[in-house]
Amino acid sequence: MTKKVLMVVTNHTTITDDHKTGLWLEEFAVPYLVFKEKGYEVKVTSISGGEVALDPNSIDEKSPDWTEAEEVLKDTAKLSKEDAEGFDAIFLPGGHGTMFDFPDNETLLYVLQQFAEQGNIIGSVCHGPAGLVNVTYKDGTPLVQGKRVSAFTDAEEKEMQLDQHMPFLLETKLREKGAVFEAAKNWTDHSVRDGNLVTGQNPQSSKSTAEKVVDALED
């Protein structure tokens with residue numbers, strides 16, 4: 001049976017009037033291609049649907065190999081509650097946009113809760129774990145409570161000088177929700193798997209995070 005992976009990306013495009021954001025391309029393209037190379041069926045959705053804006057800074061570093069992945073972003077399906085069924089894994093790439101449209105999105109929270117309750121694989125990288133901070137099991141227990149996780153660190157956010165513009169600091173918020181947060185040095189590849197939950201620290205962790213999702217799916 002072919003494994004099916006649901007990817008959910010941000011549609012949010014601004015941090016401040018003079019600072020544009022969006023999806024961080026590498027964090028989508030690299031995992032997307034890892035999953036496709038494994039022969040998985042991948043459905044790409046976004047919070048609002050339609051064309052997905054990329055963080056301008058992420059386009060500067062793009063690889064020519066990512067063209068196939070970029071094409072998919074020109075017209076994405078809008079995430080719906082029906083997406084809670086029929087997938088083996090979900091993956092949330094980052095980009096600062098996720099800090100604004102992931103945490104309180106009712107559809108995303110519902111889909112993630114179903115994945116958690118069903119014991120499906122949940123993967124996420126960099127700012128993507130912003131989508132996990134408000135997810136609970138049906139009994140109200142936070143998804144990340146007691147779990148080893150990583151994500152974009154407070155130190156990395158401060159180094160980018162964007163900490164004052166964020167609705168919250170991701171590492172701090174995950175710790176508040178009871179996560180056992182694991183950080184490596186800024187901008188180094190660091191990903192963590194705790195059972196069915198896989199998280200990565202930053203763009204540099206995109207490939208290793210996706211590979212850990214594959215490992216979890218193949219177990």
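Modeller: E218 is partly exposed, because its relative accessible area is 47%, and the band for that class runs between 20% and 50%. Keep in mind that this is a predicted model. E218 lies in helix α8, which covers residues 206-218.

Now look at what surrounds E218. Leaving aside residues up to four places away in sequence, E218 touches K38 and Y40. With Y40 there is also a polar contact between the side chains, at 2.5 Å. For a sense of distance, take V198. E218 and V198 are 20 residues apart in sequence. In space, their C-alpha atoms are 14 Å apart.

Next comes D219. D219 forms a salt bridge with R193. The closest N and O atoms of that pair are 2.8 Å apart. How exposed are the two partners? R193 counts as partly exposed, because its relative accessibility is 27%. D219 counts as exposed, because its relative accessibility is 69% and the cut-off for exposed is over 50%.

How many salt bridges does the count come to? The count comes to 10 salt bridges. Here are two further examples.

Start with E70 and K62. Their side chains meet in a salt bridge, with an N to O distance of 3.3 Å. Is E70 buried or exposed? E70 is buried, because its relative accessible area is 19% and buried means under 20%. K62 is partly exposed, with a relative accessible area of 37%.

Then take E71 and K74. The side chains of E71 and K74 meet in a salt bridge too, at 2.9 Å from N to O. E71 counts as partly exposed, at 44% relative accessibility. K74 also counts as partly exposed, at 47%.

Back to the part we began with. E218 is in helix α8, and its side chain makes a polar contact with Y40.

Technical notes. Residues numbered from 1 in each chain as written. Predicted model: local features only at pLDDT ≥ 70, side-chain atom pairs only at ≥ 80, totals over all residues. Heavy atoms only, no water. Helix = DSSP H or I, 4+ residues; strand = E, 2+ residues; numbered from the N terminus. Buried < 20%, exposed > 50% of the residue type's maximum accessible area, 1.4 Å probe, protein only. Contact = heavy atoms within 4.5 Å. Polar contact = N/O pair within 3.5 Å; in protein donor to acceptor, adjacent residues only side chain to side chain. Salt bridge = Lys/Arg side-chain N within 4 Å of Asp/Glu carboxyl O.
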